[in-house]
Amino acid sequence: MLHTQKLFICNITSWLSRRTRHIINVYCSTLSNGNLPIQQKENINVRETKELIEIKTELSKMKKKNKVMEYIEKSISRDKEILDIINYIQKVNPDISDIIQLLGDRNISFKKTNTTILYLIDKNTAAEYVSLIKNELSKNMCYVAELNPGFGVLTRELLKAGVPLIHLYESNSRLHKILEIICTKYPGKLKLISSKYSNFFGITRAFYNDKATKRYQDSFRTIESKNWEDETYMQVIGACDSTYLFTFIIHNLVFRNGFMFYGRPVFYIAVLPSVWNKYNIFTSLNIYTYTKVMFKLMFNYELLGTLNRKAFIPWSKKKQYKRKSSVLSAKQNYEQLYVIKLEPKADIYAQLSPKDWITFSYFVRHHMQKRRTRVIPALEKWIPDCGIRLIAKDYTIYTQFGDLTPTQILELFKEFKSWPDYKESHFIDSMNDSVGAHNEFEFLNE
């Protein structure tokens, strides 16, 4: 191990010395441009501008050489896994390795911490990602938004695929310098959105903070709105390993805020296999819950392919599980990401009005807390003696909510809501109390 560490440090030192000669040569060549006419100076092309910016970056790095070496040495001594990640990055994308070392581990995490942000670092994986989505994406590219573009690896591949304009939503301000260089190289094709609320998949708590909710909503104001039934108004591309990702998007749709406020978006997202399987493989009542019912009823979805998990940083933590199914799931999460297309259905408001979807979401959440809850006794708590009506609809005293498909639960709600005594039932008061506690009561009274 000690030999490996010394060899790694020697390689870095050798690399820095080679880079020094290159920097000096290029820097000296730029000094000779001082005698050029003003017109020629103004005609410096984008490539030369990019090189000048990179020179400043490299010179800054040379000044911080000792700090970089100290950082690498500490990383090696602190954790072998960080060394593995650094070696992997140097193999698949050496330029990114340089940038990460310059930024330092306080700004870019190598290992999984309390974050849902994933940064793509592998050029080949970026090309694979684009190949999986380009056929679907090319059907509509009115407002393409890339979330957490990081080092711009995926951004370049999207431009190669013919995306005319990409809006870059990056919440880490330390990465803006990198993205600004790329924007300069592709004038008119990239637009960097600078805001700490740019991480749209990482601010679930905004729903419980009025100020954060307003700022979050303001991030969408520049987008042209469309009718819900029209084609999608926004195409969202990104990667996220949050287990609550679909819950977050469902909440957006139910209350028509965030992504869903100005129309119908479509998502092309790299997600954990366990998240996808959780919503598409029902093996027991224990995983048949409120969010699964809403997901099935409100979205069209498709699995487009898989990507190498190691192509995204930070890497996930290896966990120890005793159950065989959990071990397989964890192994899959550690090795892969699933690329999915997720799109809200255009006809959901033909089923229920926007307000009724909020009511229905409470109906499902309340009764699916225990999937073995029996339908007739549960509804008779709201409307006494309604069991006879349900028996006439082929429900029995033994029918459980877990026995019903999402479509059948929707039909049960429509039947429940159609009864004359529904409006005077205790269900309305219970729903208003629950929804009001989540700061959504104003929506109901519009």
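The model before you is predicted: local features need pLDDT of at least 70, side-chain atom pairs count only at pLDDT 80 or more, and totals for chains, interfaces and linings use all residues. Residues are numbered from 1 along each chain as its sequence is written, and side-chain values use heavy atoms, with hydrogens and water left out.

I turn to the surroundings of β6. Strand β5, residues 234-239, runs parallel to β6, residues 265-271, and six bridges join them; strands count as paired if DSSP finds at least two bridges between them. Together with helix α11, residues 245-254, these strands make a right-handed β-α-β unit. Right-handed means that, with the strands pointing away from the viewer, the path from the first strand over the helix to the second runs clockwise. β6 also pairs with strand β9, residues 336-344, in the antiparallel sense over five bridges. There, Val-271 stands opposite Tyr-338.

How many residues of β6 are buried? Seven of its seven are, where buried means under 20% relative accessible area, exposed over 50% and partly exposed in between, with a 1.4 Å probe and protein chains only. In a regular strand, side chains alternate between the two faces of the sheet. In β6, Pro-265, Phe-267, Ile-269 and Val-271 are buried on one side, and Val-266, Tyr-268 and Ala-270 are buried on the other.

Most residues other than glycine have a negative phi, and most peptide bonds are trans. Asn-148, in the loop between β2 (144-147) and α8 (153-160), has a positive phi near 55°. Asp-385, in the loop between α17 (375-380) and α18 (387-392), likewise has a positive phi, near 65°. Which of these is buried, and which exposed? Asn-148 is buried at 5% relative accessibility, whereas Asp-385 is exposed at 64%. A cis peptide bond, with omega about 0°, joins Ile-313 and Pro-314.

Note on methods: Helix = DSSP H or I, 4+ residues; strand = E, 2+ residues; numbered from the N terminus.
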